[in-house]
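Here are some exercises to work through with the model open beside you. Try each task before you read its solution.

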Amino acid sequence: MQFGVFSVGDVTPDPTTGRTPSEAERIKAMVAVALKTEEVGMDVFATGEHHNPPFVPSSPTTMLGYIAARTQRLLLSTATTLITTDDPVKIAEDYAMLQHLADGRVDLMLGRGNTGPVYPWFGKDIRDGIPLAVENYALLRRLWREDVVDWEGRFRTPLQGFTSTPRPLDGVPPFVWHASIRSPEIAEQAAFYGDGFFHNNIFWDAGHVRRMVNLYRRRYEHYGHGPADRAIVGLGGQVFMRKNSQDAVREFRPYFDNAPVYGHGPSLEDFSELTALTVGSPQQVIDKTLSFREFAGDYQRQLFLMDHAGLPLKTVLEQLDMLGEDVIPVLRKEFAARTPAHVPNAPTHESLKATRDKEEVSA
Amino acid sequence: MTTRKLAVVSAGIGVPSSTRLLADRLAAATTAALTEHGVAAEVEVVELREHAHELVDAVLTGFVAPGLRPVVDAVAGADGLIAVTPTFSASYNGLFKLLFDALEEGTLDGKPTLIAATGGTGRHSLALEHAVRPLMAYLHAVVVPTAVFAAPEDWAGGAAGVPALDRRIARAAGELADLVAARPVTAAADPFEEPIPFEQLLRGE
């Protein structure tokens with residue numbers, strides 16, 4: 001089981017002080033969060049990708065390359081990489097480059113992006129979201145797996161005799177997760193290729209998450225990648241903790257009430273009951289997180305949203321310390337005790353390389 | 001005896017509400033008309049006021065909370081819909097629109113629907129034709145020709161030259177019952193149960 005942190009990278013005023021961090025502060029804060037994620041013993045840091053204010057992370061591989069140089073173990077990922085509006089050729093190049101710099105500590109989570117104007121700004125149309133995700137990813141896979149690519153499609157200039165450089169580290173492309181909250185087509189895409197499927201259940205109720213994950217698992221088996229319960233699933237989560245749960249609720253409520261996306265809507269209590277948000281004691285976070293497998297099955301990656309809605313960096317770093325000290329060690333133990341032996345871990349560069357080498361020997 | 005499901009939606013604000021009163025009369029008349037076709041009606045009435053906060057939450061969060069789920073399912077699973085709103089500023093009220101904003105695309109495709117409204121004066125009656133009917137047309141509901149508007153005077157003798165309210169109700173209910181009795185609404189395919197195969201997506205279909 002991998003545990004980690006994913007960051008949206010929003011620049012949001014702190015509702016308790018009215019103070020808005022500068023872009024520079026926010027970017028450095030994201031880096032501090034990533035370094036802390038490794039320091040407290042978690043496994044993954046994933047950055048969002050956005051091309052509109054109030055978000056700062058428009059250039060994920062620049063940030064992840066910098067973090068790679070300052071970490072030893074941390075797996076660097078995205079949440080999400082825009083497979084619709086980014087050029088698949090540039091994704092192939094950027095992430096292969098990052099793979100080399102990070103010695104393989106890289107994977108990606110692909111998403112479509114839901115900000116209408118971003119599509120035309122990058123010469124695309126949001127109504128083509130699914131066809132773009134399908135075609136661009138099909139090309140991305142070939143660019144990483146074939147040294148010379150001839151290609152023609154609907155959305156991009158054709159390629160004749162193109163070689164994406166650098167080639168993936170050890171000839172092993174980064175593992176890919178496909179993320180979608182509500183589109184069955186994306187669960188289908190992840191299943192077809194035998195890639196991972198990530199559901200950001202921060203924003204959706206458990207019943208819906210179950211349907212999406214079940215669809216992915218069933219189709220993963222249908223496409224011959226193995227039994228449904230061995231498919232590779234990741235989930236989101238969002239926590240705010242204090243030793244005393246009432247203190248956590250009191251301190252987090254103004255951030256919840258004013259948060260982008262769900263602020264000014266449901267109450268913190270209702271939203272916590274329906275979604276993956278937990279505001280309370282470390283034990284409550286442990287209990288809630290362990291309950292996710294009841295609707296998603298045994299899964300491989302748990303990412304937490306920690307630094308958003310204007311929370312000051314100092315508070316976020318304290319939260320990460322609590323996660324690392326009081327929550328993650330218990331979760332590791334409890335998940336290990338509950339997960340059957342046949343359920344695989346999420347693929348890493350090493351495991352993919354080992355599988356590839358084994359297949360080459362047997363071939 | 002064949003059974004058909006009717007969903008009755010009232011966006012009335014007051015308690016008691018004349019909008020709800022009109023909705024109940026339409027439901028009773030439709031039930032009676034269905035009986036003449038040898039069809040039993042199973043009626044589910046929804047007061048949107050009771051779900052007002054959940055409706056706003058659904059619009060803000062993008063998902064339907066468990067308390068609202070039975071409402072959405074009742075509308076989606078009905079063979080016929082009776083939708084009644086008070087007239088606010090020459091149109092349906094916001095509460096009425098919130099429900100239709102919270103439905104998944106395609107929920108009303110082909111659904112036999114009767115539209116009705118209440119208002120403070122008969123001069124608002126065309127709000128049904130100018131506001132409610134286009135909304136339902138956009139949602140691909142099959143709206144019966146007679147829409148029923150109840151002004152204050154309709155609860156007494158009505159206005160000169162206008163058929164009495166009970167006659168208009170009977171006519172609209174008869175039109176709805178004809179459509180509902182003719183065939184049950186078939187549920188749309190569930191994309192989580194029957195996804196589009198990826199080979200098809202790859203071919204751009």
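The expected span of a helix is 1.5 Å times one less than its number of residues. Keep that rule at hand, and bear in mind that this is a predicted model.

**Exercise 1. Compare the end-to-end reach of helix 7 of chain A with its expected span, then find its buried residues and what covers them.**

Solution. 
- Step 1: Helix 7 of chain A covers residues 206-222, which is 17 residues.
- Step 2: From first C-alpha to last it reaches 24 Å, close to the 24 Å expected.
- Step 3: Among the buried residues of this helix are His208(A), Val209(A), Met212(A), Arg217(A) and Tyr220(A).
- Step 4: The cover over the buried residues includes helix 6 (184-193), strand 9 (196-199), strand 10 (233-235) and helix 10 (282-296) of chain A.

**Exercise 2. Do the same for helix 8 of chain A, and locate its bend.**

Solution. 
- Step 1: Helix 8 of chain A (residues 245-257) has 13 residues, so it should span 18 Å at 1.5 Å a residue.
- Step 2: The end C-alpha atoms are 17 Å apart, which agrees with that expectation.
- Step 3: The helix bends by about 35° at Glu251(A), and Pro254(A) follows within four residues.
- Step 4: Ala248(A), Phe252(A), Tyr255(A) and Phe256(A) are its buried residues.
- Step 5: Those buried residues pack against strand 11 (238-241), helix 9 (268-274) and strand 12 (277-280) of chain A.

**Exercise 3. Is Pro168(A) buried or exposed?**

Solution. 
- Step 1: Find Pro168(A) in the loop between strand 7 (159-162) and strand 8 (175-179) of chain A.
- Step 2: Count its C-beta neighbours inside 10 Å; there are 21.
- Step 3: The cut-off for a buried residue is 20 or more, so Pro168(A) counts as buried.
- Step 4: Leaving out residues up to four places away in sequence, Pro168(A) touches Ala96(A), Gln99(A), Trp144(A), Pro173(A) and Pro174(A).

**Exercise 4. How many residues does each chain give to the contact, and which elements of chain B take part?**

Solution. 
- Step 1: Chain B gives 15 residues and chain A gives 21 residues.
- Step 2: On the chain B side, helix 2 (52-61) and helix 7 (198-202) are the elements giving two or more residues.
- Step 3: Helix 2 of chain B has the largest share, four residues.
- Step 4: Sorted by class, the chain B side has eleven nonpolar, three polar and one charged residues.
- Step 5: For confidence, the predictor gives the complex an ipTM of 0.84 and a pTM of 0.93, while chain B averages a pLDDT of 95.

Key. Residues numbered from 1 in each chain as written. Chains lettered and ligands numbered in written order. Predicted model: local features only at pLDDT ≥ 70, side-chain atom pairs only at ≥ 80, totals over all residues. Contact = placed C-beta atoms within 7 Å. Nonpolar A, V, L, I, M, F, W, Y, C, P; charged D, E, K, R; others polar. Buried ≥ 20, exposed ≤ 12 C-beta atoms within 10 Å, placed from the backbone. Bend = angle between axes of the 7 residues up to and from the residue. pLDDT = per-residue confidence, 0-100.
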